[in-house]
Amino acid sequence: MRVLLTGGTGFIGSHTAVELLAANHDVFICDNLCNSSRETLTAIESITGRRPVFFESDIRDARAMRGILGDNGIEAVIHFAGLKAVGESCVKPLAYYDNNVSGTVTLLEAMQATGCRTLIFSSSSTVYGTPQKLPLTEDHPVGGVTNPYGRTKLIIEKILADLCAADAEFSAVCLRYFNPIGAHPSGLIGENPNGIPNNLLPYVARVAAGVLKEVNVFGDDYPTPDGTGVRDYIHVMDLARGHALALQYAAGRSGWDAINLGTGKGYSVLEIIRAFEKACGHPVAYRIAPRRAGDIAANWADPSKAQRLLGWRAERGLEDMCATAWNFQQRLLSGK
Ligand code: NAD
Ligand code: WQD
């Protein structure tokens with residue numbers, strides 16, 4: 001299939017590009033490079049032997065999007081492009097609504113204009129807000145989101161549902177990711193955020209590498225077994241495979257759907273630090289810090305819908321997630 005990956009040079013997009021190229025799809029990427037670099041294209045080519053067709057453009061550029069979709073006969077879009085820093089979204093909410101929500105509307109208009117009617121959207125478990133029960137199933141109420149970033153995901157999900165209601169041929173699948181971590185086994189692609197990482201894993205990796213001093217564990221008084229926050233960490237390679245399967249699923253149907261991509265198992269912050277220590281072979285310094293505003297105590301997925309509809313389940317465990325994240329971190333430091 002001829003597939004456009006918006007945000008395809010980013011963390012999850014690049015791993016998905018590798019997966020789709022391996023499955024013989026024709027991969028096109030459009031990215032404005034605000035949080036990634038062109039070097040990723042070379043890394044993807046080194047891994048797969050094929051280089052995606054790349055357009056340096058912004059999804060908010062209506063003319064560019066029509067051109068990319070129309071000129072290349074794109075049959076489906078996997079829409080990763082977006083800003084994703086929760087804290088920044090509270091300081092610059094308009095930038096998030098503009099980039100994520102307006103950008104998606106522009107992309108959808110271009111899809112409509114060029115007759116492309118299949119979309120996979122990068123949603124998030126954040127749409128569930130504070131869980132009323134665990135594990136989270138897709139019919140758990142959405143809402144109660146505590147930050148503008150999360151609200152952009154919820155709004156986009158609703159926009160897609162409205163579009164599917166209005167256009168009987170449109171197919172939109174919202175993949176609700178839990179906490180993606182890990183890297184490709186080659187160490188050539190992975191997660192490399194600019195500045196001080198917001199997310200736990202890249203922070204732990206930098207402490208392990210000696211780039212940062214210690215991990216701040218945000219709260220040890222949650223109602224969880226060891227008092228620290230519990231999340232469903234999922235290997236980015238499993239997530240990438242989920243996209244390839246979701247693409248087949250979306251292409252063969254119409255209408256709106258939402259599917260969790262998680263493992264179904266939660267780990268605490270301290271369990272993550274211990275697993276990372278095993279992967280890197282030395283202690284990782286940490287201190288207990290106050291809770292972070294807006295955090296929930298725990299969430300993990302019920303992934304059975306993905307199994308039922310896509311034939312997908314997570315296969316890689318925490319050990320592999322930490323080992324590949326560490327391998328990637330070491331390659332970054334060595335500059336190779
Ligand atoms: P990422 O920042 O690595 O990738 C996003 C890519 O989109 C980047 O390459 C960036 O340059 C590009 N981009 C941003 N705005 C753009 C625009 N207006 N036009 C064109 N390109 C643009 O992030 P990621 O972790 O790979 O996340 C991918 C998607 O998955 C995002 O939508 C994110 O919100 C969502 N998501 C991520 C997580 C996570 O923990 N990583 C969890 C749930 C959902
Ligand atoms: C995980 C756990 C923290 C950093 C966020 C977004 C969500 C999704 C994924 C992305 C929590 C604790 C963290 C640190 C810590 N979005 N922690 N010290 O908050 O589950 O989800 O990223 O696009 O929408 O909200 O992930 O990795 O930030 O935190 O103790 O330095 O680690 O309190 O319990 P989170 P996270």
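1. A residue counts as buried when its relative accessible area is under 20%, and as exposed when that value is over 50%. The structure discussed in this note is a predicted model.

2. Is Arg 176 buried or exposed? Its relative accessible area is 3%, which is under the 20% cut-off, so Arg 176 is buried. In the chain, Arg 176 belongs to strand 6, which covers residues 171-177.

3. Which groups does the side chain of Arg 176 meet? One is the side chain of Glu 157, with which Arg 176 makes a polar contact of 2.7 Å. Another is the backbone of Glu 138: its oxygen lies 3.4 Å from a polar atom of the Arg 176 side chain. The buried Arg 176 therefore has a polar atom of Glu 157 at 2.7 Å and the backbone oxygen of Glu 138 at 3.4 Å.

4. The sheet should be read next. Strands of a sheet pair through backbone hydrogen bonds, and the pairing is either parallel or antiparallel. Here seven strands form an open sheet in the order 3-2-1-4-5-6-11, and the pairing is parallel. Strand 3 (53-55) and strand 11 (255-261) are the edges; each has a single partner strand, so one side of each has no neighbour in the sheet. From one strand to the next, the twist averages 20°.

5. Strand 1 (residues 2-6) runs parallel to strand 2 (residues 26-30), and five bridges join the two. Leu 5, for example, has Ile 29 in strand 2 as its bridge partner.

6. How many residues lie around ligand 1? There are 28, and those that come nearest are Asp 31, Asn 35, Ser 36, Phe 80 and Tyr 149. By type, the shell holds 11 nonpolar, 12 polar and five charged residues.

7. Several parts of the chain contribute to this shell. Helix 1 (11-22), strand 5 (118-124) and helix 6 (148-166) each give at least two residues. Strand 5 supplies the largest share, three residues.

8. A polar side-chain atom of Asp 31 is 2.6 Å from an oxygen atom of ligand 1. In the side chain of Tyr 149, an N or O atom is 2.7 Å from an oxygen atom of the ligand. Asn 32 takes part through its backbone, where an N or O atom lies 3.2 Å from a nitrogen atom of ligand 1. Ligand 1 taken alone exposes 830 Å², and the protein buries 96% of that area.

Terms used
Residues are numbered from 1 along each chain as its sequence is written. Chains are lettered from A and ligands numbered from 1 in the order in which they are written. This is a predicted model: local features need pLDDT of at least 70, side-chain atom pairs count only at pLDDT 80 or more; totals for chains, interfaces and linings use all residues. Side-chain values use heavy atoms; hydrogens and water are left out. Helices (H or I, at least four residues) and strands (E, at least two) are DSSP runs, numbered from the N terminus. Buried means under 20% relative accessible area, exposed over 50%, partly exposed in between (1.4 Å probe, protein chains only). A polar contact is a pair of N or O atoms within 3.5 Å; within protein, one must be able to donate a hydrogen and the other to accept it, and residues adjacent in sequence count only if both atoms are side-chain atoms. A residue is near a molecule or strand if one of its heavy atoms lies within 4 Å of it. Accessible areas come from the Shrake-Rupley method with a 1.4 Å probe; for residues, only the protein chains shown count as cover. Ala, Val, Leu, Ile, Met, Phe, Trp, Tyr, Cys and Pro count as nonpolar, Asp, Glu, Lys and Arg as charged, and the others, Gly among them, as polar. Two strands pair if DSSP finds at least two bridges between them. Axes are lines fitted to C-alpha atoms, for helices over the stretch in contact, and angles run from 0 to 180 degrees between N-to-C directions.
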